[in-house]
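Here is a friendly walk through one model, starting with its helices and moving on to its strands. Have a look at the sequence and the structure first.

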Amino acid sequence: PVGAAKVAAGDINITLNALGTVTPLRNVTVSAQISGQLLEVKFKEGQKVQQGDVLAEIDSRPYQAALMQAEGALARDQALLANSKIDLERYQTLFKQDSIAKQQLDSQDSLVHQYEGTVKSDQAQIQTAKVNLTYTKINAPVGGRVGLRMIDPGNNVQNGGGIIVITQLSPIDVLFTLAEDSLPPVLKKMHSGTPLVVDVYDRSGQTKLQTGVLASLDNQIDTATGTVKAKAEFANADESLFPNQFVNVRM
């Protein structure tokens with residue numbers, strides 16, 4: 001049997017095959033920015049969080065006390081500054097009347113500047129205490145899915161100590177390599193503004209997982225392998241692509 005069909009002009013898709021690894025857009029380790037006792041963890045392992053959500057809370061009492069102490073020092077030094085300015089005005093009047101020496105006036109003027117510097121230092125201490133107080137609540141820097149927590153409530157955390165890892169799953173990237181011989185037609189297609197469609201399949205290469213587009217290419221060829229790294233982006237609304245998953249790529 002012979003099948004017949006009309007001859008027609010059309011495009012023949014040239015497919016490039018590669019091995020790829022699923023890579024999240026962001027993979028952030030959330031760490032404590034101050035030291036203290038971890039009072040509460042406000043997330044469940046594996047849940048989705050939004051940017052700005054409170055993830056954990058550190059005991060704020062020491063930092064609240066430090067803020068009050070800094071505010072008290074500022075009030076004291078502001079009072080000393082005000083009193084020294086009054087004395088300076090009095091000394092200026094006496095100096096004009098030739099009742100005091102110039103050295104005494106200069107000393108009082110220096111004392112005023114000294115208290116002004118002290119007040120600025122106190123204000124900086126207050127700002128530092130306020131910032132540390134905000135750090136007692138640990139917020140999610142990005143939205144995504146949290147992993148397994150690294151520390152339990154009740155433990156003391158140190159500055160920089162990890163608490164949880166947040167992985168952004170949607171959208172998500174797939175990192176793969178292209179042979180340098182395939183680079184010229186790919187670049188030509190990219191420069192024309194036409195998106196290059198990329199399909200990813202499971203390890204067996206039989207089940208299609210998702211369809212995305214080529215997002216970017218690396219800026220140099222690896223001379224050891226003769227390949228260039230490429231990255232494709234996928235919406236991953238159903239989260240069928242998982243970070244570090246092995247996939248087969250067809251572009």
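## A pair of helices

The α1/α2 crossing is left-handed, a term used if the near helix is turned anticlockwise from the far one by less than a right angle.

Before going further, please keep in mind that this is a predicted model, in which local features need pLDDT of at least 70 and side-chain atom pairs count only at pLDDT 80 or more, while totals for chains, interfaces and linings use all residues. Residues are numbered from 1 along each chain as its sequence is written, and side-chain values use heavy atoms, with hydrogens and water left out.

Helix α1 covers residues 61-96, which is 36 residues. From first C-alpha to last it reaches 53 Å, close to the 52 Å expected at 1.5 Å a residue, where the expected span is 1.5 Å times one less than the number of residues. Helices (H or I, at least four residues) and strands (E, at least two) are DSSP runs, numbered from the N terminus.

Among the buried residues of α1 are Y63, L67, D77, L88 and Y91; buried means under 20% relative accessible area, with a 1.4 Å probe and protein chains only. Their cover includes α2 (102-134). After α1 comes D98, with a positive phi near 60°.

## The sheet

Four strands make an open sheet in the order β6-β5-β3-β8, with antiparallel pairing. Its edge strands, β6 (137-139) and β8 (156-157), each pair on one side only. Two strands pair if DSSP finds at least two bridges between them.

| Strand pair | Bridges | A bridge partner pair |
|---|---|---|
| β5 (residues 54-58) and β6 | three | V54 and N139 |
| β3 (residues 36-41) and β5 | three | V41 and A56 |

Leaving aside residues up to four places away in sequence, T167 touches P24, R26, N27, G144, R145 and P243, where contact means heavy atoms within 4.5 Å.

Technical notes. Buried means under 20% relative accessible area, exposed over 50%, partly exposed in between (1.4 Å probe, protein chains only).
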